[in-house]
Structure formats: structure tokens, C-alpha cells
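Walk me through this protein from the inside out.

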Amino acid sequence: MAFGLIFPTGMVLGIVRSRWHVPLQSLGVMLSVAGYFLGHKHGGRQFAPNIHATFATSLSVMLAIQVVFGIYLKLHLEKGIHFHIRRYTLIGHGVVGKALPVVSWVQMLFGAITALGFCRRDHLGQCLAHFIMGSSFIAYGIVLTILLLVGQGWLRRTGRSQEFFDSLLISAWGCVNTFTEHRWGENWSNTDYQHTSMGIVWWCAGLLGIWLSRTRSGRPQRNLMPAIVIFLTGWAMGSHPQHLMVSTKIHATFGYTLMAAGLSRIVEISFVLRDRNSIDKRHAEESNSFQFLTPFLLYASGFLFMGATEEQMAILAANEMSHVSYILVLYSIAFLLFLFVCMLLNMYANFAWPLDNPRIPLASKKDDGESGVIGNGTAGALHHQARVRDRRMKDAEEFELAGLMSDDEGEPGPELLDIPASMEGRKETHHL
């Protein structure tokens with residue numbers, strides 16, 4: 001509850017400087033302290049030494065540092081040496097606060113692994129591979145969701161296409177996989193060949209994606225290389241030979257899901273966006289519904305892969321549980337996480353760009369480098385704001401027409417119609 005829901009929500013409220021940030025984070029701290037003592041004093045089931053208990057100390061120290069930072073900032077000490085201390089404290093508070101959800105995710109995975117007794121002895125290697133790779137797919141889906149809903153402005157300011165960053169990360173990950181998937185000094189197995197060749201494909205395609213992310217003139221350019229890598233990864237990982245039938249079917253479903261994510265990304269870039277960064281400004285109030293498909297499929301792929309370890313498959317086979325039921329449960333978890341991320345981003349957008357804020361600047365062609373295109377992050381607010389102004393202007397014109405048709409009736413003040421001052425002046429000139 002505290003680390004999975006309250007702290008991520010409090011982080012967003014802190015970014016937008018909401019007055020609810022401190023109360024919500026304080027509640028999370030109290031719940032986490034209570035959970036820490038209950039975990040050591042419950043007197044119930046006892047566990048062997050495990051990573052969850054070891055990592056809990058580091059997480060508690062991190063939380064304590066964050067609390068100290070928060071209390072110091074709340075005291076508003078800004079004179080003398082505190083002016084410099086406060087500046088660095090503010091940076092540290094922001095860094096620790098943004099890192100806390102990621103560290104919390106790791107600790108929750110450790111908790112589930114410890115509770116089930118997984119990832120010990122010979123199972124450690126494949127267990128790490130499944131949970132690290134699955135979490136990476138989910139993280140990639142979250143990044144795509146952020147860029148889709150609130151990140152287009154940042155992406156324009158970088159002067160890079162989204163595929164540049166995707167390809168850069170894919171290249172780095174591929175280099176790591178190329179030299180770590182095989183235990184050097186031992187004989188090569190089929191699994192070693194598959195994982196190593198997959199790493200080679202990643203850095204080769206990533207380098208090509210980086211090269212194609214700019215035109216000859218230096219302008220950002222979309223490309224399909226990251227999407228093709230996702231598709232090939234799904235095909236390769238879904239084709240791994242498995243010892244159990246239920247494992248084969250779940251891995252196949254994971255492969256199809258990841259292939260669908262890559263294919264939907266290709267369709268999105270080529271046919272929905274037509275190589276633009278965002279949809280046309282006439283539809284800027286909301287994103288195209290098809291754009292949500294790729295992030296969700298990445299969420300689902302991550303949970304499917306994390307739920308397909310050897311020990312989990314052995315439990316399913318022993319209990320004769322259908323792979324269909326298990327897959328539907330994992331998809332349900334993916335739906336809930338996608339919902340939670342969208343809620344947090346919507347909260348951020350509502351605070352950062354209120355729909356009735358007249359100070360939001362209108363986007364121009366110069367901002368994006370494309371004619372008629374604005375970012376999705378502020379697009380909804382800008383479009384709604386323009387509609388509000390048009391509606392108020394129409395109300396003012398109807399009021400003026402009513403005044404011309406009936407001179408006997410009294411005219412209500414502009415405050416009743418919420419007419420801007422500029423419109424009020426126009427009305428008086430018209431009557432004269």
C-alpha cells in the first residue's frame with residue numbers, strides 16, 4: 001500500500017507542488033514504519049535469510065533520508081548558509097523521491113520471490129533473467145505512456161526523435177547481453193546461442209536506429225528499428241523450447257503479445273502518425289486510441305514473462321491449472337498497472353496545465369518543426385482553452401444582439417455572463 005500506491009502518488013503531487021504532497025507522504029511513512037515492525041515482530045512464519053530482508057534495511061535508510069530532506073525543506077530555512085544547503089537538499093529530495101518508486105518495485109518483487117521460496121540454487125539464473133527482462137518491458141511501456149500523454153514538449157526540446165533514445169538504450173542492452181548470457185569457459189548450449197544472438201541483433205539494430213533518427217539536414221526523423229527489434233524479440237523468446245506443455249503455451253502467448261506490440265508500433269508510426277511525433281492538431285484534445293495499444297502490450301508482455309519462470313510453471317502443472325486462466329490473471333494485473341499509470345499522469349497534467357489557465361502559450365510550427373502539429377502533453381489543455389474562449393465570445397455576441405432587439409429591457413452586467421474586459425469594450429462601442 002505505502003510503497004506501491006501512496007509514495008508514487010505523493011511523488012507526482014510533489015512534482016506539481018500540491019499541498020497534499022506532505023500529508024500523503026506522511027501517511028505512507030507511518031504505514032511503512034508499521035509494516036517494518038510487523039515484518040520483524042509478527043511471530044508467525046519464519047523465512048531463511050533472503051534478499052527481501054536484506055534490501056529492506058537499505059530501503060528504510062533511503063526512506064529516512066527522504067524524510068529528513070522533507071522536514072528540512074518544510075522549515076523554510078533560507079538565510080545565510082541555509083540558502084546553499086537548501087538548494088542541494090531540494091535536488092536530493094527530488095532525486096530520492098523519483099527513485100523511490102523504482103526501488104519499491106524491486107523490493108516488492110523480492111517480497112513475492114521470498115514468500116514463494118523461488119530463485120534459489122540452480123533456479124537463480126533463469127529467475128533473474130525473467131524478472132529483469134520482464135521489468136524492462138514494463139518500464140519501457142511506462143516510458144512510452146509518459147511520452148504519449150505528457151512528454152511531447154520535452155521531446156521537442158531535445159531536438160531528437162523518440163527512436164533515437166529507444167535505439168540508444170537497445171544498443172546498450174544488446175552489448176551487455178552479448179557478453180553476459182554465456183558462462184565463459186563452459187560449453188555452449190542452445191539457450192546460450194539464442195540469448196547471445198539476440199543481444200547481437202539488439203545492438204546491431206540499435207546502431208541502425210540511431211543513424212536513421214536524423215535526416216541529412218539534422219532534423220529529427222522517426223524510424224521503425226526499435227519496433228522491429230521488439231517484434232523479433234517476441235518471435236525468438238516465444239520459440240524457446242520448454243520442458244512443460246503449460247510453459248510452452250505461456251511462453252508462446254508472451255511471444256505473440258510482444259510481437260503484437262512491435263507490429264502495433266509499426267502501424268502507429270507509419271499509418272497513424274505518418275512519421276510525425278504526434279497526431280494532427282485538429283485531434284489534439286486527446287491521443288488516438290490506437291496509440292495506447294503498444295504500451296499496454298508491453299505491460300502485458302512484462303507480466304507474462306515474469307510469470308513464466310520454471311518454478312512457477314512447475315506449480316501450475318502440479319495443480320493442473322489451465323494456462324488460459326493464468327494468462328487472464330496476468331493480463332488483469334497489466335490492465336490495473338496501466339490504469340494506475342494513466343491516473344498519475346492525468347493528475348500531473350491537471351495540476352501542471354489546468355484547462356482554465358490563460359497563461360499556457362499556444363504551440364507554434366516552430367516548436368515542432370512540422371506544420372500543424374502540436375504535442376499531446378499540452379494539446380488537450382490548449383484545445384479546450386480555445387473552445388472556452390470561442391464559447392464566451394459567442395455568448396457576448398448573443399447578448400449584444402438581444403440588446404439591439406429589445407431596448408426596454410435592462411442589460412445585465414458583464415460579470416453575470418463572465419465576459420472578458422476586451423469584449424465588454426467592444427460591446428459598448430457597438431451600441432454607440
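Searching the whole structure turns up one cavity of 30 Å³ or more. The model is predicted. The largest cavity holds about 110 Å³ of space. Its lining takes two or more residues from each of α5, α10 and α11. The largest contribution to this lining comes from α5, with three residues. In total, 14 residues line the largest cavity. L144, L148, Q162, R265 and E268 lie nearest its centre. Sorted by class, the lining has five nonpolar, six polar and three charged residues.

Now step back to the whole chain. The protein chain has 17 helices and zero strands. It has 432 residues, and 41% of them count as buried. Take the contacts with a separation of 6 or more: residues 24 or more positions apart account for 75% of them.

Is T294 buried or exposed? T294 counts as buried because its relative accessible area is 0%, and the cut-off for buried is under 20%. The T294 side chain makes a polar contact of 2.8 Å with the side chain of S264. Setting aside neighbours within four places in sequence, T294 is in contact with L144, A261, S264, R265 and E268. Among these partners, L144, R265 and E268 are also listed with the residues nearest the centre of the largest cavity.

Helix α7 spans residues 162–180. It has 19 residues and reaches 28 Å from its first C-alpha to its last. That is close to the 27 Å expected at 1.5 Å a residue.

Q152 counts as buried because its relative accessible area is 3%, against a cut-off of under 20%. Its side chain reaches the backbone oxygen of L147 at 3.1 Å.

Next comes the open space. The second largest pocket has a volume of about 1,300 Å³. How many residues line the second largest pocket? There are 36, and G125, Q126, A129, T191 and H195 lie nearest the centre. Helices α5 (124–149), α7 (162–180), α8 (190–212), α10 (245–272) and α12 (310–318) each supply at least two residues of this lining. Again α5 gives the most, here with seven residues. The lining divides into 13 nonpolar, 17 polar and six charged residues. So α5 is the top contributor to the lining of the largest cavity and to that of the second largest pocket, as helices are numbered here from the N terminus.

Helix α3 runs over residues 51–74 and has 24 residues. From its first C-alpha to its last it reaches 34 Å, close to the 34 Å expected at 1.5 Å a residue. At its start, a side-chain oxygen of N50 comes to within 3.1 Å of the backbone nitrogen of H52. Just after α3, H76 takes a positive phi of about 55 degrees. Between these ends, the buried residues of α3 include A56, L59, M62, L63, Q66, Y72 and L73.

Two of these, Y72 and L73, touch T89. T89 is found in helix α4, residues 82–116. T89 counts as buried because its relative accessibility is 9%, and buried means under 20%. Not counting residues up to four places away in sequence, T89 touches F69, Y72 and L73. The C-alpha atoms of T89 and F69 are separated by 6.1 Å. Along the chain, these two residues are 20 residues apart.

Technical notes: Residues are numbered from 1 along each chain as its sequence is written. This is a predicted model: local features need pLDDT of at least 70, side-chain atom pairs count only at pLDDT 80 or more; totals for chains, interfaces and linings use all residues. Side-chain values use heavy atoms; hydrogens and water are left out. On a 1 Å grid over the protein atoms alone, a cavity is a set of points where a 1.4 Å probe fits but cannot get out, and a pocket is an open set with protein on both sides within 12 Å along at least five of seven lines; lining residues have an atom within 4 Å of a point. Grid points are joined across faces, edges and corners, and a volume is the space filled by probe spheres set on the points. Helices (H or I, at least four residues) and strands (E, at least two) are DSSP runs, numbered from the N terminus. Ala, Val, Leu, Ile, Met, Phe, Trp, Tyr, Cys and Pro count as nonpolar, Asp, Glu, Lys and Arg as charged, and the others, Gly among them, as polar. Buried means under 20% relative accessible area, exposed over 50%, partly exposed in between (1.4 Å probe, protein chains only). A polar contact is a pair of N or O atoms within 3.5 Å; within protein, one must be able to donate a hydrogen and the other to accept it, and residues adjacent in sequence count only if both atoms are side-chain atoms. Contact means heavy atoms within 4.5 Å. The expected span of a helix is 1.5 Å times one less than its number of residues.
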